[in-house]
Amino acid sequence: MAEIDIKSTLRHDVSVSPTARRTLRSLSGSGREQPPVDGELLELARRIMKARSRIGDFVPHNLLKDWAWDILFELFVNGEEGGIVYVKHLMLSCNTTPTSAMRIIDRLDDANLLRREVDELDHRRVIVSLTPHGRKFILALLETIGERDEEESGHRGNLAPRPYRPRG
C-alpha cells in the first residue's frame with residue numbers, strides 16, 4: 001500500500017474540499033504527536049462519562065456536578081477518536097449556562113489542560129482539544145482508576161447505589 005503525502009495533497013490538490021483538508025490535517029497531526037491509547041482506557045473513559053451523566057438518578061440534579069470533568073472526558077474521548085470538538089458542543093454537553101461553561105473552559109485553558117483554536121473554515125467557531133499535558137493527566141487518572149478496579153473487583157461485590165428519593 002502506497003503511503004500518501006498528506007502535506008502535498010493538502011497544498012496542491014484543488015479537488016480536496018476545505019472540510020476534507022481540515023480533517024486530514026487534524027488526523028495526520030494527531031497520530032504523530034502521541035501514541036494511540038489503550039482501548040480499555042478509552043472504554044473506561046466512556047463508562048465514566050456515562051456514569052457522570054447518571055448522577056442525577058441518585059442525588060438531586062446538579063448537587064454533585066462538576067462540569068470540568070465532563071469537558072475533560074469529552075475532549076479525551078473525541079480526541080482519541082479523531083473527532084473535532086467545538087466550544088458550542090462543550091457548552092451543550094455540560095448542561096449548564098453558557099457563561100458557566102465558558103468560565104470552566106477558561107480555567108481549564110489557564111491550567112494548560114485544553115487549548116482553543118479558531119476554525120480555519122469558519123472563523124466564528126472555536127475548536128477545543130486537550131493539550132499534551134491535559135491528555136497525560138487524563139491518561140494517568142484512567143490508569144489509576146483501572147488499577148483500582150482490578151484490585152477491588154473481587155472484594156466489593158456487586159453493590160448498586162439506590163436511586164435518590166427526596167424526603168417529604
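In which hand, left or right, does helix 4 pass helix 6? Start with the whole protein. The model is predicted. The protein has 7 helices and 3 strands. From the N terminus, the order is α-α-α-α-β-α-α-β-β-α. The protein has 168 residues, and 29% of them are buried. Take the contacts with a separation of 6 or more: 58% of them join residues 24 or more positions apart. The accessible surface comes to about 11,800 Å². Carbon and sulfur atoms hold 53% of that surface.

Now turn to the two helices. Two packed helices are described by the angle and the distance between their axes. Helix 4 covers residues 67-80, and helix 6 covers residues 98-110. Their axes come within 10 Å and cross at roughly 65 degrees. The crossing is right-handed. On the helix 4 side, Trp 67, Ala 68, Ile 71 and Leu 72 take part. They meet Ile 104, Ile 105 and Leu 108 of helix 6. By class, this contact has 7 nonpolar residues, with no polar and no charged ones.

Trp 69, Phe 73 and Phe 137 form one aromatic cluster. The count of aromatic pairs comes to 2. In one of them, the ring centres of Trp 69 and Phe 137 are 6.0 Å apart. Their planes stand at 25 degrees, so the pair is stacked; planes under 30 degrees apart count as stacked. Trp 69 lies in helix 4 and Phe 137 in helix 7 (residues 132-152), so the pair ties together parts that are 68 residues apart in sequence. Trp 69 is partly exposed, with a relative accessible area of 29%. Phe 137 is partly exposed too, at 32%.

Note on methods:
Residues are numbered from 1 along each chain as its sequence is written. This is a predicted model: local features need pLDDT of at least 70, side-chain atom pairs count only at pLDDT 80 or more; totals for chains, interfaces and linings use all residues. Side-chain values use heavy atoms; hydrogens and water are left out. Helices (H or I, at least four residues) and strands (E, at least two) are DSSP runs, numbered from the N terminus. Buried means under 20% relative accessible area, exposed over 50%, partly exposed in between (1.4 Å probe, protein chains only). Contact means heavy atoms within 4.5 Å. Accessible areas come from the Shrake-Rupley method with a 1.4 Å probe; for residues, only the protein chains shown count as cover. Axes are lines fitted to C-alpha atoms, for helices over the stretch in contact, and angles run from 0 to 180 degrees between N-to-C directions. A crossing is left-handed if the near helix is turned anticlockwise from the far one by less than a right angle, and right-handed if clockwise. Ala, Val, Leu, Ile, Met, Phe, Trp, Tyr, Cys and Pro count as nonpolar, Asp, Glu, Lys and Arg as charged, and the others, Gly among them, as polar. Rings of Phe, Tyr and Trp (its six-membered ring) pair if their centres lie within 6.5 Å; planes under 30 degrees apart count as stacked, over 60 as edge-to-face and the rest as tilted.
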